[in-house]
Amino acid sequence: MQRQPALGDRSTLLAYLFWIFGFIGLHRFYLGRPISGAIWALTMGLLLVGWLVDLFLIPAMVEDASERYPAKTTDYNLAWVLLVLLGIFGAHRFYQGKILSGFLYLFTVGVFGLGIIYDLFTLNEQIAQANNTPE
């Protein structure tokens, strides 16, 4: 039996939009697979072969990510869109309520790009940890 999607679950549409840039591993980072995301980034999606295979694997990866990282208060989709589009300004950090690091990103261009790379690897865990803290 398939579970019903909850608010904040991973979006298949967003995963496919990130897949367009999948040869740099963006969709894999979004779906909670940072190691293979880094491999995709370093090898151009396994010389585009892995990138094409992912076209068919995305629905299963979305379901897996939604189960591993359940959403409560912080929406994964919005946080990822903010990271991708406005990460150098710290928008995703402000959205998570991390005001000090948000300003740090804002004034240091995403801590000189290294902070954005860090967040690509850890954003899912950051949100999961924030969602598990009592309100």
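The predicted protein is built from helices. Its secondary structure amounts to eight helices and zero strands. Along the sequence, the pattern reads α-α-α-α-α-α-α-α. The radius of gyration is 15 Å, close to the 14 Å that the globule rule gives for 135 residues, so the protein is as compact as a globular protein of that length. The C-alpha trace spans about 40 × 35 × 20 Å along its principal axes. Of the 135 residues, 45% count as buried. Contacts were also sorted by distance along the sequence. Among those with a separation of 6 or more, 58% join residues 24 or more positions apart. The exposed surface comes to about 7700 Å². Carbon and sulfur atoms supply 75% of that area.

Helix H1 covers residues 12–20. At its start, a side-chain oxygen of Ser11 comes to within 3.3 Å of the backbone nitrogen of Leu13. Four residues of H1 are buried: Leu14, Ala15, Phe18 and Trp19. They lie on the same side of H1, because they cover an arc of only 150 degrees around the axis. An α-helix has 3.6 residues a turn, so residues three or four places apart point the same way.

Leaving aside residues up to four places away in sequence, Trp80 touches Arg10, Phe18, Phe29, Tyr30, Leu120, Leu123 and Asn124. Phe18 in this list is also one of the buried residues of H1.

Gly32 sits in the loop between H2 and H3. Is this glycine buried or exposed? Gly32 counts as buried, because its relative accessibility is 9% and the cut-off for burial is under 20%. Gly32 touches Arg10, Arg68, Tyr69 and Asn124, again not counting residues up to four places away in sequence. Arg10 and Asn124 are also touched by Trp80. Gly32 and Leu14 are 18 residues apart in sequence, and their C-alpha atoms are 14 Å apart in space.

Backbone angles single out two further residues. Most residues other than glycine have a negative phi. Leu46, in contrast, has a positive phi, near 55 degrees. Leu46 lies in helix H3, which covers residues 34–47. With a relative accessible area of 38%, Leu46 is partly exposed. Val111 also has a positive phi, near 50 degrees. Its place is in helix H7, residues 99–112. Val111 counts as partly exposed, at 26% relative accessibility.

Methods:
Residues are numbered from 1 along each chain as its sequence is written. This is a predicted model: local features need pLDDT of at least 70, side-chain atom pairs count only at pLDDT 80 or more; totals for chains, interfaces and linings use all residues. Side-chain values use heavy atoms; hydrogens and water are left out. Buried means under 20% relative accessible area, exposed over 50%, partly exposed in between (1.4 Å probe, protein chains only). Helices (H or I, at least four residues) and strands (E, at least two) are DSSP runs, numbered from the N terminus. The arc is that of the directions from the helix axis to the C-beta atoms. A polar contact is a pair of N or O atoms within 3.5 Å; within protein, one must be able to donate a hydrogen and the other to accept it, and residues adjacent in sequence count only if both atoms are side-chain atoms. Contact means heavy atoms within 4.5 Å. The radius of gyration is taken over C-alpha atoms; the globule rule is 2.2 Å times the number of residues to the power 0.38. Accessible areas come from the Shrake-Rupley method with a 1.4 Å probe; for residues, only the protein chains shown count as cover.
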